Every structure is written in structure tokens, then in C-alpha cells.
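Hi everyone, thanks for making time. Let's take a look at this one together.

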Amino acid sequence: MTDSHPRPQRDDTGGRPPGAPRRRGPNALIWRWWNLLLLLPLLMLLTPWYNKDRPRLAGMPFFYWYQLAFVFVGVACVSIVYAATRTPSGAEPSGADPDDPASGRPGAIR
């Protein structure tokens, strides 16, 4: 038994013209080397590195001032990564359509 209708070719372009770049959704994960800086605050979790009394800073044991210092290190790392990876103000992330209702933006046309 032969099929008189040819099977349609699978369209993996998603409705975009052939050769056009794929668009990323608004929640797509994008890898950037800056993200490795976020691993630095995790070093604080290695308790054997700071589970000691000496050296003291202004009478405060090392255990406490090390943890306090890593609060500032963590804030600095997150701030640097945020500043290095955010899109310029007013610019849309690559592939985002400002008029796309699915983008979830308050000004999107619905």
C-alpha cells in the first residue's frame, strides 16, 4: 500500500526564515565566565579553613571575623557579576521581542 500524499518535512526552524538565529526565551540560561566568580563565596563553607581562634582582629577570634569578611566578599562578587552580565538599560535581552505578549513585560501589547 503506497501513500499518495508525500510526508511533510519536519520544520525545526520554529517559523523563522532558514538561516535566522534562534531566539532565546526570557528565562534562558546564558553561560558567562563572570559566573565563576560566584564560586568564591562558597569557599567560606570549608569550615576547617577557619575553625580556629588565632589570629585575632581587634580582640575578635578568627572564626568570627573571617565569616564577617566573607559577607563583604560575597556581596562584592555578586555585585561584580551583576554589573558585568546585565543588559544595558533600556535594551532588550538578545532575542526578546518588546511587543511579544508572552514576554511578561508590563508594557507588552495583549
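**Surface and aromatic rings**

The chain has an accessible surface of about 9500 Å², and 62% of that belongs to carbon and sulfur atoms; areas come from the Shrake-Rupley method with a 1.4 Å probe, and for residues only the protein chains shown count as cover. A quick note: this is a predicted model, where local features need pLDDT of at least 70 and side-chain atom pairs count only at pLDDT 80 or more, while totals for chains, interfaces and linings use all residues. Residues are numbered from 1 along each chain as its sequence is written, and side-chain values use heavy atoms, with hydrogens and water left out.

The chain holds one helix and zero strands, taken as DSSP runs numbered from the N terminus (helices H or I, at least four residues; strands E, at least two). Of the 110 residues, 9% are buried, meaning under 20% relative accessible area, with exposed over 50% and partly exposed in between.

Tyr50 and Phe63 make a tilted pair, 5.3 Å centre to centre with 35° between the planes. This pair links the segment before α1, where Tyr50 sits, to Phe63 in helix α1, 13 residues apart. Tyr50 counts as buried at 7% relative accessibility, and Phe63 as partly exposed at 27%. Tyr50 and Tyr66 are stacked, because their ring centres are 4.8 Å apart and their planes at 20°.

Key
Buried < 20%, exposed > 50% of the residue type's maximum accessible area, 1.4 Å probe, protein only. Phe/Tyr/Trp six-rings, centres within 6.5 Å; stacked < 30°, edge-to-face > 60°.
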